[in-house]
Amino acid sequence: MHFDYVWLRDHCRSASCFNSKTNQRNLDTASVDLNIRPSKSRVDENNLFLTWPDGHITRYSLTWLAQNSYEGQKKSSVQPRILWNADIYSSAKVPSASWDKFMSCDEELKNFLNNFLLYGIAFVEGVPPTLEATETATQRVSLIRETMYGRMWNFTSDFSRGDTAYTKLALDRHTDTSYFQEPCGAAFNPLFCFISIQVFHCLRHEGTGGRTLLVDGFHAADVVLRQTPENFALLSHVPIKHEYIENLSEHRNHMIGIGPVLNVYPWNNELYMIRYNNYDRSVINTVPHDMVRRWYTAHRQLTAELRRPENELWVKLKPGKVLFIDNWRVLHGRESFTGLRQLCGCYLTRDDVLNTARFLGLQA
């Protein structure tokens, strides 16, 4: 491990330099001499002690230094996860949360959130098939965010009179609202668009079809990384535009989001978001001419992985079964359907969901 002295002084965890209750720094970083060196140093089995020129003494836990060194961060993951295809997820027999225990027991909520963090999806079973109960279940996890689509949305499709629209209703796998800077969902103020969790509850379906398709985008991207690292690098560095225009009676929304298909932490190449939506992809004018074909080749490889049948998890949403999706990781779609179908849901902010997980002792 390598540490610069200015880094060590800036990261002093004494009471005068750091508030351990809020994890906030008290020290004014600008006041630290960039060429600072300790006047004394010593080490025992568990700690490093440095005495600075002004007499201030800093004690560092060697374990803390190992965890927070660049070398340590490069080897560790920000968010532990299990990559899956349909067989892996089905074989894991991940339990759904029970509505009654979910609403009253923190341990049930913790297990639910642990599954959500590991797999990017989680279910609650036994929820009364109403919008109000869906809202109550969602609020157990996090605050519900108001968006341009409303707070709780409730959508009904009725094709019970015939099958003419049957083949037109299928939706291919995608992440939602790729046209936002921070998918998914959007607050009215674009500076606060950190909504990335989706909630779905099918309240009623009188017909056939309509199964939900789920695909682990991180699993597909990992295959690209292992097979063709240069394609992974291209998809994680080249920014692409996505856009959507919505004309409403009161106003007009024209949303544009710009970012690479794959978003990674630069120090360890860990993927934290996939932005994949062929419906919303705008004109590709951010890729140099001599790189266009290479980008299409990389995108085609990722698409092929996302469309492999063995990676498709098909779930029939039914009244009482609420689905939570990490829209930064798991792509979703839907097969065509007939009859009357009523679906409700909402959006949650990532910050609030992860805060609940951390409060319960999970790494998030």
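This is a predicted model: local features need pLDDT of at least 70, side-chain atom pairs count only at pLDDT 80 or more; totals for chains, interfaces and linings use all residues.
Start with the overall division. The protein chain splits into domain 1, residues 5-75, and domain 2, residues 77-364. Taken over C-alpha atoms, the centres of domain 1 and domain 2 are separated by 40 Å.

Next come the helices. Two packed helices are described by the angle between their axes and the distance between those axes. Helix 8 contributes Ala221, Val224, Leu225 and Gln227 to the contact, and helix 9 contributes Pro229, Asn231 and Phe232. By class, five of these residues are nonpolar and two are polar, with no charged residues.

Helix 9 also packs on helix 10 (residues 289-306). Here the angle is about 105° and the axes lie 9 Å apart. Helix 9 and helix 10 are therefore roughly perpendicular to each other. From helix 9, the residues in contact are Asn231, Leu234 and Leu235. They meet Met291, Arg294, Trp295, Thr297, Ala298, His299, Gln301 and Leu302 of helix 10. This contact has six nonpolar, four polar and one charged residues. Asn231 takes part in the contact with helix 8 and in the contact with helix 10.

Now turn to the loops. Lysine 321 sits in the loop between strand 16 (313-315) and strand 17 (322-326). Is lysine 321 buried or exposed? Its relative accessibility is 11%, so lysine 321 counts as buried. What does the side chain of lysine 321 pair with? It makes a polar contact of 2.7 Å with the side chain of glutamate 125. Leaving out residues up to four places away in sequence, lysine 321 touches Ser96, Phe123, Val124, Glu125, Phe200, His201, Val315 and Lys316.

Two further loop residues have a backbone feature to note. Lysine 93 is not a glycine, yet has a positive phi of about 50°. Lysine 93 lies in the loop between helix 4 (86-92) and strand 6 (97-98). With 68% relative accessibility, lysine 93 counts as exposed.

Asparagine 269 is not a glycine either, and has a positive phi of about 65°. Its loop runs between strand 14 (262-265) and strand 15 (270-274). At 35% relative accessibility, asparagine 269 counts as partly exposed.

Note on methods: Residues are numbered from 1 along each chain as its sequence is written. Side-chain values use heavy atoms; hydrogens and water are left out. Contact means heavy atoms within 4.5 Å. Helices (H or I, at least four residues) and strands (E, at least two) are DSSP runs, numbered from the N terminus. Ala, Val, Leu, Ile, Met, Phe, Trp, Tyr, Cys and Pro count as nonpolar, Asp, Glu, Lys and Arg as charged, and the others, Gly among them, as polar. Domain bounds come from an automatic or database domain assignment. Buried means under 20% relative accessible area, exposed over 50%, partly exposed in between (1.4 Å probe, protein chains only). A polar contact is a pair of N or O atoms within 3.5 Å; within protein, one must be able to donate a hydrogen and the other to accept it, and residues adjacent in sequence count only if both atoms are side-chain atoms. Axes are lines fitted to C-alpha atoms, for helices over the stretch in contact, and angles run from 0 to 180 degrees between N-to-C directions. Angles under 35 degrees count as roughly parallel, over 145 as roughly antiparallel, 65 to 115 as roughly perpendicular and the rest as oblique.
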